[in-house]
Amino acid sequence: MLKNRFVTLLFAFALVCGAAVAATPAEQQAQAMAALAQQPPLSQADLDSFIKMVPEISKVMNDPNAIMKLYQDNGVSPERFALVSSKITIGFMMNQGMTKDQILATGQVPEVMIPNDAELALIKKSQDALGKALGMPAK
């Protein structure tokens, strides 16, 4: 179940950012990362929207119009949802002991996607609810 939800989140992220970030020239990638860096920090409202939306996204992932309606109904842009999803996923990894340096060393994650200390604390505080939304077994 968690694997399916995680794959769904990665799919949503790829839809939103993948083509724009991965398949563009280096200059456009830098511009995209700069735009992401301008996003406000994670908030409890972001986490609440994520918790509400994740189960619904897996139901409509084959319908781009339904996904866009879900974003709209929850007042979240696709870009914001992708950033929040990434920070939550990376926050989970960090809360399990992985360091920022280890994550950056993979070369797979831009620094802008790594939650700061305050965001990490917020993710940790909401970890049970986030895990439940992702279909993770309770501790």
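These legends walk you through several close-up views of a predicted model.

View 1. Welcome to the overview, where the protein chain shows eight helices and zero strands. Followed along the sequence, the pattern reads α-α-α-α-α-α-α-α. Of its 139 residues, 36% count as buried. The accessible surface comes to about 8100 Å², and 58% of that surface belongs to carbon and sulfur atoms. Among contacts with a separation of 6 or more, 74% are made by residues 24 or more positions apart.

**View 2. Arg-80 and Asp-46 form a salt bridge between two helices.** This pair is one of five salt bridges in the structure. The closest N and O atoms of Arg-80 and Asp-46 are 2.4 Å apart. Arg-80 sits in helix 5 and Asp-46 in helix 3, so the pair links distant parts of the chain, 34 residues apart. Are the two partners buried or exposed? Arg-80 is buried, at 9% relative accessibility, and Asp-46 is buried too, at 15%.

**View 3. Lys-87 is a buried residue of helix 5.** Look along helix 5, which spans residues 78-95, to find Lys-87. Lys-87 counts as buried because its relative accessible area is 8%, under the 20% cut-off. Leaving aside residues up to four places away in sequence, Lys-87 touches Leu-42, Val-112, Met-113, Ile-114, Pro-115, Glu-119 and Ile-123.

**View 4. Lys-59 and Glu-56 pair up within helix 3.** Their salt bridge has its closest N and O atoms 3.4 Å apart. The two are separated by about one helical turn because they stand three residues apart in helix 3. Lys-59 is exposed, with a relative accessible area of 62%, while Glu-56 is partly exposed at 35%.

**View 5. Lys-100 and Glu-111 join a helix to a loop.** In this salt bridge the closest N and O atoms lie 2.8 Å apart. Lys-100 belongs to helix 6 (residues 100-105) and Glu-111 to the loop between helix 6 and helix 7 (117-125), so the bridge ties together parts 11 residues apart in sequence. Lys-100 is partly exposed at 35% relative accessibility, and Glu-111 is partly exposed at 48%.

Definitions and conventions:
Residues are numbered from 1 along each chain as its sequence is written. This is a predicted model: local features need pLDDT of at least 70, side-chain atom pairs count only at pLDDT 80 or more; totals for chains, interfaces and linings use all residues. Side-chain values use heavy atoms; hydrogens and water are left out. Helices (H or I, at least four residues) and strands (E, at least two) are DSSP runs, numbered from the N terminus. Buried means under 20% relative accessible area, exposed over 50%, partly exposed in between (1.4 Å probe, protein chains only). Contact means heavy atoms within 4.5 Å. Accessible areas come from the Shrake-Rupley method with a 1.4 Å probe; for residues, only the protein chains shown count as cover. A salt bridge is a side-chain nitrogen of Lys or Arg within 4 Å of a carboxyl oxygen of Asp or Glu.
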